[in-house]
Amino acid sequence: MNLSGGQKQRISIARALIKAPKMLLLDDCLSAVDTETEDTILSAIQRQEAACTIMVSHRLASLRGADRILVIENGTISEMGSHAELLRAEGHYYKLYTRQFRKEMEEEYDAKLEMLRAEYEAKMADLRARYPRLVARRMAEGLVRSGNGTQTVADLIQRVQAMP
């Protein structure tokens, strides 16, 4: 019987988890599986009751839920912390993570921007309904009032787009 690399990895991990070890050492154990299978395996690993799980991985998505991540550069530990701590530090882990997940981060940014635009439109619709003559006059002038003084609508849209 011929098994794919992903099938072999799933069988090996299942065997290890069935034994309920006190320590589990996984060396790049998710390299040959798809992301859906990876999520299933990571959930199973988190549910198992090993006192300690050490996972070596080049896929940073596999490490996001870890209590502690060690970043090794040139054979030495260069950074250590949780996923959030390492991202805040903006060191080597941050650079690797942003490189691997740039598209995902851009999609998240675009979704936030779209949400802000929708909120802006909803607020403008509410203002138009409450103060139709005032809003019509301001829109005709191309001006709106904000906490920073008078700005054009285009200026406000640029500020929204520049938000992180």
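Helices here are DSSP runs of H or I with at least four residues, strands are runs of E with at least two, and both are numbered from the N terminus. In these terms the order along the sequence is α-β-α-β-β-β-α-α-α-β-β-α, which comprises six helices and six strands. The model is a predicted one.

**Overall figures**

Of the protein's 164 residues, 24% are buried. Its accessible surface is about 12,000 Å², and carbon and sulfur atoms account for 54% of that area. Taking the contacts between residues at least 6 apart in sequence, 43% join residues at least 24 apart.

In soluble globular proteins, nonpolar side chains tend to be buried together. The largest nonpolar core in this model has ten residues: Ile13, Leu17, Leu24, Leu26, Cys29, Leu30, Val33, Ile41, Leu42 and Ile45. Two or more of these residues come from each of α1, β1 and α2. The largest share is that of α2, which gives three residues. Another core, of eight residues, lies apart from this one and includes Val71, Leu86, Tyr93 and Phe101.

**Helix α2**

The 13 residues of α2 reach 18 Å from the first C-alpha to the last, close to the 18 Å expected at 1.5 Å a residue. Its buried residues are Thr37, Glu38, Ile41, Leu42 and Ile45. Seen down the helix axis, the buried residues of α2 fall within an arc of 135°, so they line one face. An α-helix has 3.6 residues a turn, so residues three or four places apart point the same way. On the face of α2 turned away from the buried side are the exposed residues Glu36, Thr40, Gln46 and Arg47.

The cover over the buried residues of α2 includes α1, β1 and β2. Leu42, one of those buried residues, touches Leu30, Met55, Ala61 and Ser62, leaving aside residues up to four places away in sequence.

| Element | Residues |
|---|---|
| α1 | residues 5-18 |
| β1 | residues 23-27 |
| α2 | residues 35-47 |
| β2 | residues 52-56 |

**The β3-β4 hairpin**

Strand β3, residues 69-73, pairs with strand β4, residues 76-81, in the antiparallel sense over five bridges. The two strands form a hairpin with two residues between them. Asn74, in the turn, has a positive phi of about 50°. Val71 stands opposite Glu79 of β4, and Val71 is also among the residues of the eight-residue core.

Technical notes. Residues numbered from 1 in each chain as written. Predicted model: local features only at pLDDT ≥ 70, side-chain atom pairs only at ≥ 80, totals over all residues. Heavy atoms only, no water. Pairing = 2+ DSSP bridges. Buried < 20%, exposed > 50% of the residue type's maximum accessible area, 1.4 Å probe, protein only. Contact = heavy atoms within 4.5 Å. Areas by Shrake-Rupley, 256 points an atom, 1.4 Å probe, with all protein chains shown as cover. Core = buried A, V, L, I, M, F, W, Y, C linked by side-chain atoms within 4.5 Å. Expected span 1.5 Å × (residues − 1). Arc of directions from axis to C-beta.
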